[in-house]
Amino acid sequence: MESGPAIFAGTVFALFGAALLIWTGARVRHRAPVAHGVNPATAATLSTVFGTALLLAGVWCLSRV
């Protein structure tokens, strides 16, 4: 019964983290701004860090099932 929320949270974290990493990579590859009004290097770095953290959180949640 307790594995349902863990599966849902892990899936959401993993999907969002992977999508954020893919989106950031595409924006950097095309030399487009990742976030408007922010230093491009800072925006790309923070997006990569948070995308990786969310992906790892999703894997951790799914490994606890």
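Visitor: Is leucine 56 buried, partly exposed or exposed?

Guide: Glad you asked! Buried means under 20% relative accessible area, exposed over 50%, and partly exposed in between, using a 1.4 Å probe and protein chains only. Leucine 56 has 56% relative accessibility, so leucine 56 counts as exposed.

Visitor: What kind of model is this, and how are residues numbered?

Guide: This is a predicted model, where local features need pLDDT of at least 70, side-chain atom pairs count only at pLDDT 80 or more, and totals for chains, interfaces and linings use all residues. Side-chain values use heavy atoms, leaving out hydrogens and water, and residues are numbered along each chain as its sequence is written, from 1.

Visitor: Which helix holds leucine 56?

Guide: Helices here are DSSP runs (H or I, at least four residues), as are strands (E, at least two), numbered from the N terminus. The chain has two helices and zero strands. Leucine 56 sits within residues 40-63, which form helix α2.

Visitor: How far is leucine 56 from asparagine 39, C-alpha to C-alpha?

Guide: Along the chain, leucine 56 and asparagine 39 are 17 residues apart.

Visitor: Is leucine 62 buried, partly exposed or exposed?

Guide: Leucine 62 also belongs to helix α2. Because its relative accessible area is 38%, leucine 62 is partly exposed.

Visitor: What are the box dimensions for the C-alpha atoms of the chain?

Guide: The box is taken along the principal axes. The C-alpha atoms of the chain fill roughly 45 × 15 × 15 Å.
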